[in-house]
Amino acid sequence: MSSTEHGPANSAETRMNEKKCSWASYMTNSPTVIVMIGLPARGKTYMSKKLTRYLNWIGVPTKVFNLGVYRREAVRAYKSYDFFRHDNEEAMKVRKQCALVALQDVKAYLLAEGGQIAVFDATNTTRERRDLILAFVKENAFKVFFVESVCDDPQVIAANILEVKVSSPDYPERHRERVMGDFLKRIECYKVTYQPLDPDDYDRDLSFIKVMNVGRRFLVNRVQDYIQSKIVYYLMNIHVHSHSIYLCRHGESGHNVDGRIGGDAQLSPRGKQFAHALRGFIEEHDLSDLKVWTSQLRRTIQTAEELGVPYEQWKILNEIDAGVCEEMTYEMIQNSFPEEFALRDQDKYHYRYPGGESYQDLVQRLEPVIMELERQGNVLVICHQAVMRCLLAYFLDKSAEDLPYMKCPLHTILKLTPVAYGCKVEMFYLNVEAVNTHRDRPLDKVPRDSALIHRRNSYTPLSSHDQVKRPRLYSAGNQPWLPLAPTPSALMPEGRQSQPRTGSGCLSPCAKEATLTAAKQRAAVSASD
């Protein structure tokens, strides 16, 4: 967009007034409706919920609209499969009316409530119904992407009915044989009028993916944009199989004991004790086929070394980069950078450390890990506090506001087992004491200053001509082998250095860099004395 259409000031103001969301949201130029297609018991709701959880996790506001919920509101008492017969005219009118009401809610969500993607979760098995939806999206200038689930494996269908449909509100008595019989007849009712997507003729111009037999094969047609490619990428990576994911932090480190963040510290004596206890946990639970992943920082590697099993190191599992605040305590940060300390308390998820990362950046970095966890069997991930929070937020469907405050204590293992529409969580504390590194959500947040928050938003990266990036592991006790070059800000006359940057109300990042360097050098001298 050229500056002649919208001035820089107006553009910044507009973006600040919009609902805050991530870089991924700005890749779409119009809302999208994802339309599920398929016979009952083909995993449509399972895919809808997982896809919605993923899209919300990467920062794209998404919501599921399940037509079954609307139908149960309209018809309080479900009697039998007769309701779904194609020649039941009264029931057909009710079902169509429910679809129209749901589509109006989709419209309200995308146009008035800040939504970016709506998932229309229904059978949508006829061309008549799909043409109705296509007319709706065209009228409202939405994009549309179809997801058809095709399955002819009777064992998969039966397992899905028993796992999910027995507990459906349609069957309060939950009699397994009766539910199975009625539901199979309901499927037969839909088969009479089912018209699958036709990629060669009738539907060749539509954007869609066919998922066959829960991911054994795929057919992708006319992907339109970045978000649709993300949807395809995700659906091709999720696999329905029984497995568990074990998440834990490294053993307690020396920096944990000192209250310092970041860095590359080694394990404390209690941290080594936890690593030994973790080996006992694996042996006790007979996790012989377990894969072990760590970051490339010493505290996770030392924890894994004690296990006596092969492990993989992932650089993207490294802890959040605190930039100029690496290896400082929160008290040091508050004293050296009170404004930055207050900014982070305002919006911990979007706040980016000067020269470092935000939680939002970390979510983007961890996306390949999530994809691989969806494909793997049993995996133990030995990681860090911020990393563990991001991974947990995906599996437990936590919001961006809650993510940075999730409790992930040291020396505790979380076992995550995917179930029908969610995740079962079990917690194991290994009886090795450790410091508490959790920092609670501030009760009284500092009033927001939109200019300051905007400077730290991850979708508006900090880019200053005199910005100097500190080496990742630099600290007072680990000096770089070459001194950092002076910067234009550091060379300013003393009177000018203290002047705030226009519109920001804070020191430049490089002035803060110089201040931090001096503070750390003073701390090093004090420690040596």
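Mentor: We can go through the strands, a helix, the cores and the cysteines.

Trainee: What should I know before we start?
Mentor: This is a predicted model, so local features need pLDDT of at least 70 and side-chain atom pairs count only at pLDDT 80 or more, while totals for chains, interfaces and linings use all residues. Residues are numbered from 1 along each chain as its sequence is written, and side-chain values use heavy atoms, with hydrogens and water left out.

Trainee: Okay, strand 5 first. Which strands does it pair with?
Mentor: Strand 4 (residues 143-150) pairs with strand 5 in the parallel sense over five bridges, and strand 6 (residues 217-221) runs antiparallel to strand 5, also joined by five bridges. Strands (E, at least two residues) and helices (H or I, at least four) are DSSP runs numbered from the N terminus, and two strands pair if DSSP finds at least two bridges between them.

Trainee: Is strand 5 buried or exposed?
Mentor: Buried: five of its five residues are, so strand 5 is largely enclosed by the rest of the structure. Buried means under 20% relative accessible area, with a 1.4 Å probe and protein chains only. Phe208, Lys210 and Met212 are on one side, with Ile209 and Val211 on the other.

Trainee: Switching topic: what order do the strands take in the six-stranded sheet?
Mentor: The order is 9-8-10-7-11-12, in an open sheet with mixed pairing. Strand 9 (312-313) and strand 12 (422-429) are at the edges with a single partner strand each, so one side of each has no neighbour in the sheet. Helix 14 (residues 359-375) packs on this sheet, touching strand 7 (245-249), strand 8 and strand 10 (379-383). Contact here means heavy atoms within 4.5 Å.

Trainee: And how does strand 8 meet strand 9?
Mentor: Strand 8 (residues 291-294) runs parallel to strand 9, with two bridges joining them. Trp293 has Glu312 as its bridge partner in strand 9.

Trainee: What about helix 7, what covers its buried residues?
Mentor: The cover includes helix 3 (67-74), helix 4 (89-111) and helix 6 (154-164). Among the buried residues of helix 7 are Val179, Phe183, Ile187 and Tyr190.

Trainee: Which residues touch the most other members of the largest nonpolar core?
Mentor: Ile34, Leu366 and Val381, out of 54 residues. Helix 15 (residues 385-396) gives the largest share of this core, nine residues. Apart from it lies another core of 43 residues, including Leu103 and Phe120. A nonpolar core is a set of buried Ala, Val, Leu, Ile, Met, Phe, Trp, Tyr and Cys residues joined through side-chain atoms within 4.5 Å.

Trainee: What does Leu366 touch?
Mentor: Leaving out residues up to four places away in sequence, Leu366 touches Trp57, Ile316, Leu317, Val387, Cys390 and Leu391.

Terms used
Buried means under 20% relative accessible area, exposed over 50%, partly exposed in between (1.4 Å probe, protein chains only). Axes are lines fitted to C-alpha atoms, for helices over the stretch in contact, and angles run from 0 to 180 degrees between N-to-C directions.
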